[in-house]
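Please read the following briefing alongside the sequence and the structure, which are shown next.

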Amino acid sequence: MNKKYDKLGSDVFNKVEKINSELFTLTYGALVTQLIKDYEDIEQVNIKLEQMGYNIGIRLIEEFLAKSGIGRCTDFTETAEVIAKVGFKMFLGVTCQVTDWDTEKKEFHLIIDDNPLSDFVELPDHLKHKLYYSNILCGVIRGALEMVQMKVKCTFVKCSLSDDNTCSIKVVLEEVLSDLVPVGYD
C-alpha cells in the first residue's frame, strides 16, 4: 500500500470534517436568528432551542449507543464522564470537563472550553445576558438521558458569548425512571 495516499486521505478527511462543522455552526446561527425574529421574546427563544434539542437528543441516543459500543453506565458519575468525554467528542468534536459535584453525586457542571456552536458568533449587547445561544445542548442532554431512564434538568449557568470565559451547563438528576415495558409490548 502506498503511504503517500494514506496521508492524503487523512488530510482530505480532516478538511471535509472541518467544512461540515463550519457549515453546521453557520446553519445553527441562521436558525437562532430566525427564532429571534419569529418569537421576539428571548425567553421563548431559549425555551424553543431547548425543546428542539430535546427532540434531537431522544433520536441521537440510538446513534450514540450503536457507534460508541458503550453499555449501560453503572451510576450517574459514570454517565457524566461518558457525556463529557465520548458524547461531546463524537458529535461536536470537543471534550468537556465534569466539575462541581454535589455531595449526593446527583448534580454536576459540564464545562465546555471551546464550544463549537459559538464559533463565528458575537451577540449584540441587549442579548448577551438573556439569550442562551447554545441552549439546544441542554435539550439534547435532557432528551438523550431520558431515553436511558434518567430524568434530568439541564440549565445554562455561563455562556462564553455573555462575557464569561467558558460555557457551563448544570445537570441535575431528578429521578431514575423505571425500566417498565410500555403497555402492549409484552
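**Sheet, helix pair and pocket**

Strand E2 (residues 107–112) and strand E4 (residues 167–176) run antiparallel and are joined by 6 bridges. This is a predicted model, in which local features need pLDDT of at least 70 and side-chain atom pairs count only at pLDDT 80 or more, while totals for chains, interfaces and linings use all residues. Residues are numbered from 1 along each chain as its sequence is written, and side-chain values use heavy atoms, with hydrogens and water left out.

**The sheet**

- The open sheet has 4 strands in the order E1-E2-E4-E3, with antiparallel pairing, where two strands pair if DSSP finds at least two bridges between them and strands are DSSP runs (E, at least two residues) numbered from the N terminus.
- Its edge strands are strand E1 (97–99) and E3, each of which pairs on one side only.
- Neighbouring strands of this sheet are turned by 30° against each other on average, with direction ignored.
- E3 and E4 pair in the antiparallel sense over 8 bridges; Thr155 has its bridge partner in E4 at Lys170, and Cys154 has Val171 of E4 as its partner.

**The helix pair**

- H2 and helix H4 (residues 136–147) pack at an angle of about 40°, with their axes 6 Å apart; helices are DSSP runs (H or I, at least four residues), and axes are lines fitted to C-alpha atoms over the stretch in contact, with angles running from 0 to 180 degrees between N-to-C directions.
- H2 and H4 are therefore oblique to each other, the class left once angles under 35 degrees count as roughly parallel, over 145 as roughly antiparallel and 65 to 115 as roughly perpendicular.

**The second largest pocket**

- About 150 Å³ of space lies in the second largest pocket, a pocket being an open set of points on a 1 Å grid over the protein atoms alone, where a 1.4 Å probe fits, with protein on both sides within 12 Å along at least five of seven lines; the volume is the space filled by probe spheres set on the points.
- The lining (residues with an atom within 4 Å of a point) consists of Glu43, Asn46, Ile47, Glu50, Tyr132, Asn135, Cys154, Thr155 and Phe156.
- Helix H2 (42–68) and strand E3 (150–158) each supply at least two residues of this lining, and H2 gives the largest share, 4 residues.
- Cys154 and Thr155, which line this pocket, have bridge partners in E4, Val171 for Cys154 and Lys170 for Thr155.
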